[in-house]
Amino acid sequence: MGESILFCWLGMTDLRAAAGEPAAGLGPVAQSLAARSYREVVLLNNWEKAKAQKYIAWVKDKATSPITLRQVKLSSPTNFGEIYEAAAAIISEKRQEHGPDADLVFHLSPGTPAMAAVWIILAKTRFPAELIESSKEHGVLTASVPFDISADFIPDLLSKADKTLEHLAAGLPAAAPEFDDIIHRSEEMQRIILMARRVAPHAIPVLIEGESGTGKELLAHAIHNASPRKEKPFVAINCGAIPAELVESELFGHEKGAFTGAASKRIGYFEAAHQGTIFLDEIGDLPREMQVKLLRVLQEGEIQSIGGTRPRKVDVRVVAATNKNSIDAVANGTFREDLFYRLAVAVIRLPALRGRKGDISLLIDSFWEQINKESGHDAASKHKKISAPAKNLLLQHPWPGNIRELQNTLTRAAVWSTGKILTEKDVQEAFLPVSVDDKTNEQVLNRPLAQGINLPEIIEMVAVHYLERGLAEAHGNKTKAARMLGMPSYQTLTNWLKKYGLE
Ligand SMILES: Nc1ncnc2c1ncn2[C@@H]1O[C@H](COP(=O)(O)OP(=O)(O)OP(=O)(O)O)[C@@H](O)[C@H]1O
């Protein structure tokens, strides 16, 4: 008897072979059983049970290996989520039964292409296995699949050893607990955290660029915690949220009676952050005259409060952040070039969540675990799981609001869902309706006509936006994307893509 365990789906050609159709030959399953013997053959079946039993009766005398039939209920034989869940559960069970060292073999030929794709994913990630394929012409062969699969599917532990090596190679200590709160797995984020760890101990200014909700403040805080200033204050200010007339007094303080309403002396944020770190979020929104004053602080290490007679020395490390491209702001004159170069001694660009391969999955799991932990006392919500289709929906979402939006969506879903499992529908309901915010509304519908508008340009903007989203959400499947976008066929979609230069 062979040593390995073979897993395969029962396919249409196998049933036709059992029905005696000459064109089907033996069918892929029987062909592989005739070629080799296995410790066990696990046959996954999504057909009616009677059909499968008839097949077993037929194949029994062609095989020397014991066959176990596993009935699986799929809503469709192409539903990746369900196929993945069913196959992974059965493999885990069999590994427990035979021990973790049992050799696994997955048969790619029987069943739908989705089933074959899932075998490849499983073999390349959670359950390393030999992949085989069979054909009438070439018999049974080991399939060579020479690529690795995106980190999205790779379990947490897989890259741990590499990380330790990377840290050693970079001359860094193996652990950096200050950065532990930054949940990540993607290579982009690993690189960014290495950069942040390198700049953290030095008092140099750091400029963090990234869309809203990408974790700029979290990173700034970690840089502070990993610096020698960690015992001193970390003061975070959103420059865009302070009314222009108050910025100076908020940042640098004022003396008693310096202006109407200044009933008492007030120290500014810079003084409050003395010997620590100040985080200036939305730095691009700082009024021009304040930019000059900030430049002076950076050059001379001194602040002058409103109404104060003498400048005061402050020792503050500045970490600034912007969600706009600061080079553009410098080029169009809204941001002083000299200040930019003072702030941008080290520049860290945080990618949008949709560009971080692997992070979304990890963030979902981690936020979900946190939400479950905090969700009161009833055991049902503490152990609530996310179904595979619900997780897929979350993974496909474009997350325009980045990590903050992901966090909020999961919290809403947890509050509204009533069952033991978070379903696709729960997630759908937790997505906020795509709101056309006032700014977008203004850009699209309420542009002033007095100076003239460019209607084709506006239509192009809307078309490109939805075409890109449609394709992304349909994973490049044009028929599906066309349906989502209300087009009669994929050819129509192709014409639109060509028209807007997206083909
Ligand atoms: N990698 C991450 N791991 C865990 N939580 C994260 C991560 N990145 C961001 N968060 C969380 O997401 C939320 C938004 O992050 P943060 O406030 O740092 O973003 P930001 O880029 O500064 O946003 P804004 O520009 O709107 O101020 C916070 O609750 C933060 O704790």
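Two notes before we start, everyone. Residues are numbered from 1 along each chain as its sequence is written. Because the model is predicted, local features need pLDDT of at least 70 and side-chain atom pairs count only at pLDDT 80 or more, while totals for chains, interfaces and linings use all residues.

Let's begin with the ligand. Which residues come nearest to the ligand? Of the 16 around it, they are Ile183, Ser212, Gly215, Lys216 and Glu217; here, near means a C-beta atom, placed from the backbone, within 6 Å. By class, the shell has four nonpolar, eight polar and four charged residues.

Helices are DSSP runs (H or I, at least four residues), numbered from the N terminus. The shell lies between domain 2 (163–351) and domain 3 (361–430), because both give residues to it; the domain bounds come from an automatic or database domain assignment.

Now let's stay with H17 and look at a partner. Helix H14 (residues 359–374) packs against H17 at an angle of about 45°, with the axes 10 Å apart. Axes are lines fitted to C-alpha atoms over the stretch in contact, and angles run from 0 to 180 degrees between N-to-C directions. That makes H14 oblique to H17, where oblique is what remains after roughly parallel (under 35 degrees), roughly antiparallel (over 145) and roughly perpendicular (65 to 115). The crossing is right-handed, meaning the near helix is turned clockwise from the far one by less than a right angle. H14 brings Leu363, Ile364, Phe367, Trp368 and Ile371, and H17 brings Ile403, Leu406, Gln407, Leu410, Thr411 and Ala414; contact requires C-beta atoms, placed from the backbone, within 7 Å. Those residues divide into nine nonpolar, two polar and no charged.

Next is H4, with two partners to show you. The axes of H4 and helix H5 (residues 113–124) come within 10 Å and cross at roughly 50°, so these helices are oblique to each other. On the H4 side we find Phe80, Ile83, Tyr84, Ala87, Ala88 and Ile91, which meet Ala114, Met115, Val118 and Leu122 in H5. This contact has 10 nonpolar, no polar and no charged residues.

What about H4 (residues 80–98) and H16 (residues 388–396)? Their axes come within 8 Å and cross at roughly 130°, which makes H4 oblique to H16. Here Gly81, Glu82, Tyr84 and Glu85 meet Ala388, Pro389 and Asn392, a set of three nonpolar, two polar and two charged residues.

Definitions and conventions. Helix = DSSP H or I, 4+ residues; strand = E, 2+ residues; numbered from the N terminus. Contact = placed C-beta atoms within 7 Å. Nonpolar A, V, L, I, M, F, W, Y, C, P; charged D, E, K, R; others polar.
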